[in-house]
Amino acid sequence: MPATGSMDARSGLSFDLLSEDTLLVRLAGDWKLGNRLPAADEVMKQADAGPKIRRIIFDTEGLRGWDSGLLIFLIRIQELASQGRTVTIEQDGLLPGVKRLLHLASAVPERKGARREEARISSLDRLGGSAIAGWKSFLQTLEFIGEAAIAFMRLFSGKARFRPSDFFLIIQECGAQALPIVSLISILVGLILAFIGAIQLKIFGAQIYVASLVGIGMVRALAAIMTGIIMAGRTGAAFAAQLGTMQVNEEIDALKTLGIPPMEFLVLPRMLALFLMMPLLSLYADLMGILGGLVIGVSMLDLNFMEYFNKTRESVSINDFMIGLFSAAVFGVLVALAGCKQGMQCGRSASAVGEATTSAVVTSIVSIVVAMALITVVCSVLNI
Amino acid sequence: MMEKKEPHIIVEDLTMAYGDFLIQRDLTFTINRGDIFIVMGGSGCGKSTLLRHLVGLQRPAKGKVLYRDFNFWDAEPGERETIMRSFGILYQSGALWSSLTIGENISLPLQQYTNLSPGQIREIAALKLSLVGLTGFDEYYPSEISGGMKKRAGLARAMALDPEILFFDEPSAGLDPISAHLLDQLILELRESLGATVVIVTHELASIFAVGNNSVFLDPETKTMIAQGDPKKLLAESKDPKVVNFLTRGEGTKKE
């Protein structure tokens, strides 16, 4: 029996030509994934070298340990052997555990069509697909707004079904509990406005106009926008996550099958609460912003308190207040709509809840800015 | 039950689909009053989807669902709601409203549909809870109780309005064997005492044989029903290897 194979001590693979048509493959050492394992091609190289070889058998006496690495090696040999070769693989020499696993791996044949082919979609196809998807989601939004409007009608006719205690709880969550963060942000925005204004106005000795700048800026636009953005991140996201989780949990199904419309029971109190609380929060943010400006005015610009107060009162008109409050109410509706819509139309998985929350915040912020732009343009056209 | 059979729910030629994706087609079967009807079949065959069609959560692509002689899906939404009020549904996860206590969960349907005083509603809620063995848990929130207790609380809520038809979506999934057995007993007990019709979606063999007296078998490959009738009879008489395999836990042969 002449040893014809190359002997590689580390990999533990060696060959013996038992007879003209039989190749013995000796496996030795540790066949584990962490080690460097020889490639199955080497066996085939040997098998192809002797043109008369018909059988491959194994000897595992020297094998000290094995794991999936050995299985992959053997499965690869089987695959290669079946590719246009007339070689049969005999598993008799293998360990019983290895044989059983090999048998198990080949027990269920691959189901046709189970393997996902990388589908080739032309860019035109993709463009069309996303256009259709966009149109659908637009229709869904319209439908949601319509349903919300109907729910509001029912509220005014006194037929809406929701628990007052839920409503007050939501009012508390999106009203009083938002005060600290609204205070902080508004004071800082007021400070920043005053600082920026002060640098320019000081040049002309017109420091007193810092009061006008901060007053009009906050009251007319910034208070509403900042409050809107805070509420989008705080409350809109919470709405989407709450309703989305209820969707995943089948809680919304349970409401529907009991004949309690989720639009009235869940969405209406949330929209109403935010619609009512946003103008109040915005009004509070106005005051906090002016306070922030006042701090800078008094401490850095040598203005006195009464001067600043009078200048603010003189320059900020009731129109500015009305525009600010109106914007805030609009933002409240937008944030609640976006949050509730994403929550109600959420898919039934944990990742869908995450997506719903993200897109609720993004939609809210984008629609706040767009709405503000529209309101500003309309106001300037109407000269108010 | 030997009394004469009166059809309660009739499904005619029902086809279910999500958009273009067909779930099941050509389903035709009848559920009689007082039946404990099992919807069975392998995972992903559309059992729960069938339940969603029966309870009004999803509109069929084709076909009819009749409650006695009332066409459920062709009815006005208001009429449909009236029928739905006679349902009690236990969802797979319990689906208790997480912002309400157990007691409030059971009270909510009563507040919506009855003119009972708050005191009476509290009494009824306590009664339903004691029926499912959860006396005294009124003030707990769903997140504070175990999975098995959630299922039982869900059952108490499903029974709140004394329903004519009880639907169960995988009632024993996620329960230990003893709790599952107790739930089966409870289902039998409720059928006897309330005279309700019961529809159960499940693939728990033990429950199927313990409680079911009628069934439909949905096959995911041919996407239609391939057997119906009393599960015990199906086991004894069916020639279809798929059905026999399912009912014998894949052993393929019938025990004598």
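This is a predicted model: local features need pLDDT of at least 70, side-chain atom pairs count only at pLDDT 80 or more; totals for chains, interfaces and linings use all residues.
Two strands count as paired if DSSP finds at least two bridges between them, and strands themselves are DSSP runs of E, at least two residues long, numbered from the N terminus, while helices are runs of H or I with at least four residues. With that in hand, look at chain B: strand S7 (residues 165-169) and strand S8 (residues 197-201) pair in the parallel sense over 5 bridges.

Residues are numbered from 1 along each chain as its sequence is written, with chains lettered from A and ligands numbered from 1 in the order in which they are written. The model scores ipTM 0.83 and pTM 0.79. For chain B, mean pLDDT (the predictor's confidence in each residue, from 0 to 100) is 86, and 96% of residues reach 70 or more.

Back to the strands. S7 and S8 belong to an open, mixed sheet of 6 strands in chain B, running S6-S7-S8-S3-S9-S10. Its edges are S6 and strand S10 (224-228), each pairing on one side only.

Now for chain A. Where does chain B touch it? Contact (C-beta atoms, placed from the backbone, within 7 Å) links 16 residues of chain B with 11 of chain A. On the chain B side, helix H2 (77-84), strand S6 (87-90) and helix H3 (102-113) each give two or more residues.

Note on methods:
Two residues are in contact if their C-beta atoms, placed from the backbone, lie within 7 Å.
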